[in-house]
Amino acid sequence: MNFDHIGLLGIGSYVPERVMTNADWSELVDTTDEWIIERTGIRERRYSSDDQTTTDFGEYAGKAALADAGLEAVDIDELIIATDTPEMFFPDSASFIQHRLGMGEIPAYDLAGSGCAGFIQALDVARSRAACGDKKVLVMGIELASKFFDWEDRNTCILFGDGAGAAVVGPVEADAAANHPSILSLKTGTDGSRADILSRIAGGTRMPFSMDVAKKGLHKLTRMDGREIFKEAVKHMCAASTEVMEMAGVSSEEVKLFVPHQANMRIIHSVAKHLGAPEEKVFINVDRYGNTGSASVPIALCEARDMGVVESGDLVLCTAFGAGFHWGAALLRL
Ligand SMILES: CC(C)(COP(=O)(O)OP(=O)(O)OC[C@H]1O[C@@H](n2cnc3c(N)ncnc32)[C@H](O)[C@@H]1OP(=O)(O)O)[C@@H](O)C(=O)NCCC(=O)NCCS
C-alpha cells in the first residue's frame, strides 16, 4: 500500500489545570522531591478535576486538532481513541467522544490496553485506514491516570499524569519537492510474554470485580516491575527508532527532533544516547507532566511545534513503549 500521501493534517492537545508537585506527594506518601527528581526527572504533573472524564479530555484535544487542520467534526471519516482510562468499561470512549464532538455516524472505536504505546499503534491503524479510502481519521491518546492509580503506592503514584493529545491523519497534496507532510515510516511490535509485568489485574475475566477486589484495591494499577520496564523500554524504543530511519533511508543527523515517550528522564537520556541524538534534538517535558501514557507523544509533539522547536517540513521521530509490552516508532515529516 502506498502511504506517501498520508500525513498529519493537524495536531492538538490538552492538559488539565490542577498541578500536583513532588512536594505535594511527599505529604501523602513516603517520598521526597529529591528522590523523584533523581530517579525520574519529574517535578510536577497535572490531574483532572473530580468531575472531568475521558470524554471531556477527548473533546478538548479533538477540537484543538480539528481547528489546527482547519476542519469541522463532520469532515472526519473515522475516530480512534487510544486509552487505558476509559469513560466506562463499555461502551467504549470513542462512542461518547463521537457524540460529544458532533461527528457523523462514522466508525468510532477504542484501542485499549496498549499502555503508553497506544497513540503510535492508533496512528498505524489510522494511516492504513486513511490510505485505503482517502479518509480523514481523528486519532487520540487520552489518559486520566489519577482516577485509577493507587494513591497510597509510592512506587507508581508519583509517575503518572493526566492529559490528551490528538492528530488528524489523512491525505495531503503532494508537492513536487516531496516536502509535503507525511508519515514516512512506522513500525509497531508486541511481546505478549511480558504482559504481566505492568498490569491492572482486576476487573476482567481473570479476576472479576468483587468486594474482595475493592477491599484489596486490586482494581488499581497494582503490578509494575520498574527496573524490567526501564530496560525493555530503552531496548525496544531504540530498535524501533533505528528501524523506521532505515525504512525511510533517513540518518539520525537528518532528524530535526526526537520525541520519545515521556516516562522517565533517565529512559529518555538512555534512548537518546543509543541513537546518537544530541541533547538539543530530544524533546523533554516529563518534568512538567509526568508520564501521561498514550497522550505523552502527541502532547510533546504539540508543545514542540507550538514552541517553534519544529516547523513544517521538519523530520520528527516519535517513539513509545508501554504495557503489553507494546512499542512503536513513527518517522514524520510535519
Ligand atoms: C520506577 C522507577 C522510577 C524506580 O527507579 P529505580 O531506580 O529503578 O528504583 P528501584 O526499583 O531500584 O527502587 C529503589 C528503592 O526506592 C524505593 N522507592 C520506590 N518509589 C519511591 C518513591 N516514590 N520515593 C522514595 N522511594 C521510592 C523502592 O521501594 C526501593 O526501595 P528498597 O531498595 O528499599 O526496596 C524506575 O524503575 C522507572 O521509571 N521504571 C519505568 C517505569 C515506567 O515507566 N512505567 C510506566 C510504563 S511506560
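Predicted model: local features only at pLDDT ≥ 70, side-chain atom pairs only at ≥ 80, totals over all residues.
Local features need pLDDT of at least 70 and side-chain atom pairs count only at pLDDT 80 or more, while totals for chains, interfaces and linings use all residues. Numbering starts from 1 along each chain as its sequence is written.

The ligand has 22 residues around it, and Thr31, Arg154, Gly226, Ala263 and Asn264 come nearest; a residue is near if its C-beta atom, placed from the backbone, lies within 6 Å. Helices H2 (33-40), H6 (154-157) and H8 (226-248) and strand S12 (315-322) each give two or more residues to this shell. Helices (H or I, at least four residues) and strands (E, at least two) are DSSP runs, numbered from the N terminus. At least three shell residues come from each of domain 1 (6-171) and domain 2 (182-333), with bounds from an automatic or database domain assignment.

H8 also packs against helix H9 (residues 265-275): the axes come within 9 Å and cross at roughly 40°. Axes are lines fitted to C-alpha atoms over the stretch in contact, and angles run from 0 to 180 degrees between N-to-C directions.

Most residues other than glycine have a negative phi, and most peptide bonds are trans.

| Feature | Value | Loop |
|---|---|---|
| Phe90 to Pro91, cis | omega near 0° | Pro91: between S4 (78-83) and H4 (93-101) |
| Gly324 to Phe325, cis | omega about -15° | Phe325: between S12 and S13 (326-333) |
| Asp134, positive phi | phi near 50° | Asp134: between H5 (118-133) and S6 (137-143) |

Asp134 counts as exposed because it has 11 C-beta neighbours inside 10 Å; the cut-off for exposed is 12 or fewer, with C-beta atoms placed from the backbone.

Key: Buried ≥ 20, exposed ≤ 12 C-beta atoms within 10 Å, placed from the backbone.
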